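Student: I am new to this structure and would be grateful for a close look at a single part of it. Please begin with one residue and then describe the surroundings in a connected way.

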Amino acid sequence: MRFDTLIRNGIIVTATDMYAGEVGIAGDKVSAIGAHLPSENTGRIIDAAACYIMPGGIDVHTHLDMPFGGTTSADDFESGTIAAAFGGTTTLIDFAIQYKGQSLRQAFETWMKKAEGKAVADYAFHCIITDLGAAHATIFRAMSQAAKHGGLICMHAENGGAIDVIVQRALAEGKRAPKYHALTRPTTAEAEATARAIALAEMAGAPVYIVHLSCNDALEKVREARDRGLPAYAETCPQYLYLSLENFDVPGFEGAKYVFTPPLREKWHQEKLWQGLAQDTLQVVSTDHCPFCFKEQKELGKDDFTKIPNGGPGIEHRLSLVYTGGVHGKRFSPNRFVELVSTAPAKLFGLYPRKGTLAVGSDADIVIFDPNREDVISAKTHHMRVDYSMFEGIHIKGMPKTVLSRGRPVIDAGKFVGRPGAGQFVRRHTYAGV
Ligand SMILES: [Zn+2]
């Protein structure tokens, strides 16, 4: 047995196990796991003392290089995958948008070109369907096709029609500040659409995955469906676990930093979402990373909240925020942490067991994670190409130290050591092996 890389002295953590062990890597795969592996002729030895050895994070909801409202999200596939790697995420599933008149294949090809030569770690895509005819018929048809071919539909669940009316009323009353983006999108609009998406999926015989679930009202709908045994799944994002409507209590236009959809909610929803993660009502934490700079980009909506580009930067701090609040916060175990940020996303989106676990034959996407390293999040030190942080000043405990993508170091001792273009497109399997 000869390894290109040998990781020693650490604690291996997967979604199910936690034990002292060593990981041997040959080429881009994990080739051995054992209590003691031979170190003769090993290319590189990584000492993981006092650290966890875990599978690389998988972020299944990002928007890199995405046109929106006359501007484009600030991270492309190079800066976005670098920032993700700094935070321990080694695979992204980004959203490729179908524009009116285009086929889904054209959307996919456009996004493949955006990633080519730029990504430093692996990526895959979902397609956003915008052109399939009438709304409910579209959703139902897409779900029926998904049921037939083993697809998993990701639903942005909000009642857009009702929200549009509420927004027009607010504008007519002269309510134009950023906080009205949040105040015109009630939790009921999300809960109602979540229930409707689940009902349409049930009729179509399809699974459904609710993206960026933000409030307890919608969480209850997912719980009811799961209690009935339906294949209904949902993710939440760190912004809904850490931020609330109180973040709009800032001077002037600064609230625009927190304008994304669904919006921030009252603070009490946070604990409900953490419980949802602990109890498996929510299966995944993604970021919905969609960064727009405050200067010049968010400012497009200076006099009208409906013109503020929607989205926030989060790709870099997902693992640290979930570990801090989840494991140090005594809400769940390190195993559940790995499951939420890596294993469950891999299983739901057809990447498992190539990604999402540490097993012989898996891709050597590995994070050496120091559970006790601390930091304070700041735009001054982050690696996203955006001029503010949603999480400015938040204290984190638990951070990646070294990050490998298919056996190659991408982050080492706080430095980027990877190569743009080294990331590959990963073909996903169908949902549940249909
Ligand atoms: Zn999104």
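Tutor: T187 has a relative accessible area of 19%, and because buried means under 20%, T187 counts as buried. The model is a predicted one. T187 is placed in helix α6. Leaving out residues up to four places away in sequence, T187 touches C215, D217, R265 and H269.

The helix that holds T187 leads on to another helix. α6, which spans 187-204, is among the elements that cover the buried residues of α7. Those buried residues are N216, A218, L219, V222 and A225. Besides α6, their cover includes β12 (208-210), β13 (232-236) and α9 (269-278). Helix α7 itself comprises twelve residues, 216-227, and at 1.5 Å a residue it should span 16 Å. Just after α7, G229 adopts a positive phi of about 85 degrees.

L348 is placed in helix α11, which covers residues 334-348. Its relative accessibility is 9%, and therefore L348 counts as buried. With its neighbours within four places in sequence set aside, L348 is in contact with L152, Y209, Y233, Q283, V284 and Y431.

The metal site comes next. The zinc ion is coordinated by H61 through NE2, H63 through NE2 and D288 through OD, at 2.0 to 2.2 Å. Along the sequence, these donor residues follow the spacing H-x1-H-x224-D. H63 lies in the loop between β6 (57-62) and β7 (67-68), whereas D288 lies in the loop between β14 (284-285) and α10 (318-328), so the pair ties together parts that are 225 residues apart in sequence. H63 counts as buried because its relative accessibility is 9%. D288 is also buried, with a relative accessible area of 10%.

The structure holds one cavity of 30 Å³ or more. The largest cavity contains about 40 Å³ of space, and its lining consists of P55, G56, G57, I58, T90, T91, K355, G356, T357, D363 and D365. The elements that give two or more residues to this lining are β6 and β9 (89-97). By type, the lining of the largest cavity divides into two nonpolar, six polar and three charged residues.

There remains a pocket to consider. The second largest pocket holds about 270 Å³ of space. It is lined by 19 residues, and those that lie nearest its centre are F86, E316, D375, H383 and M399. β15 (366-376) and β16 (395-405) each supply at least two residues of this lining, and β16 gives the most, with four. The lining of the second largest pocket comprises seven nonpolar, eight polar and four charged residues.

Terms used
Residues are numbered from 1 along each chain as its sequence is written. This is a predicted model: local features need pLDDT of at least 70, side-chain atom pairs count only at pLDDT 80 or more; totals for chains, interfaces and linings use all residues. Side-chain values use heavy atoms; hydrogens and water are left out. The expected span of a helix is 1.5 Å times one less than its number of residues. Buried means under 20% relative accessible area, exposed over 50%, partly exposed in between (1.4 Å probe, protein chains only). Contact means heavy atoms within 4.5 Å. On a 1 Å grid over the protein atoms alone, a cavity is a set of points where a 1.4 Å probe fits but cannot get out, and a pocket is an open set with protein on both sides within 12 Å along at least five of seven lines; lining residues have an atom within 4 Å of a point. Grid points are joined across faces, edges and corners, and a volume is the space filled by probe spheres set on the points. Ala, Val, Leu, Ile, Met, Phe, Trp, Tyr, Cys and Pro count as nonpolar, Asp, Glu, Lys and Arg as charged, and the others, Gly among them, as polar. Donors are N, O and S atoms within 2.8 Å of the metal (3.2 Å for Na, K and Ca); water is not among the atoms, so sites may look incomplete.
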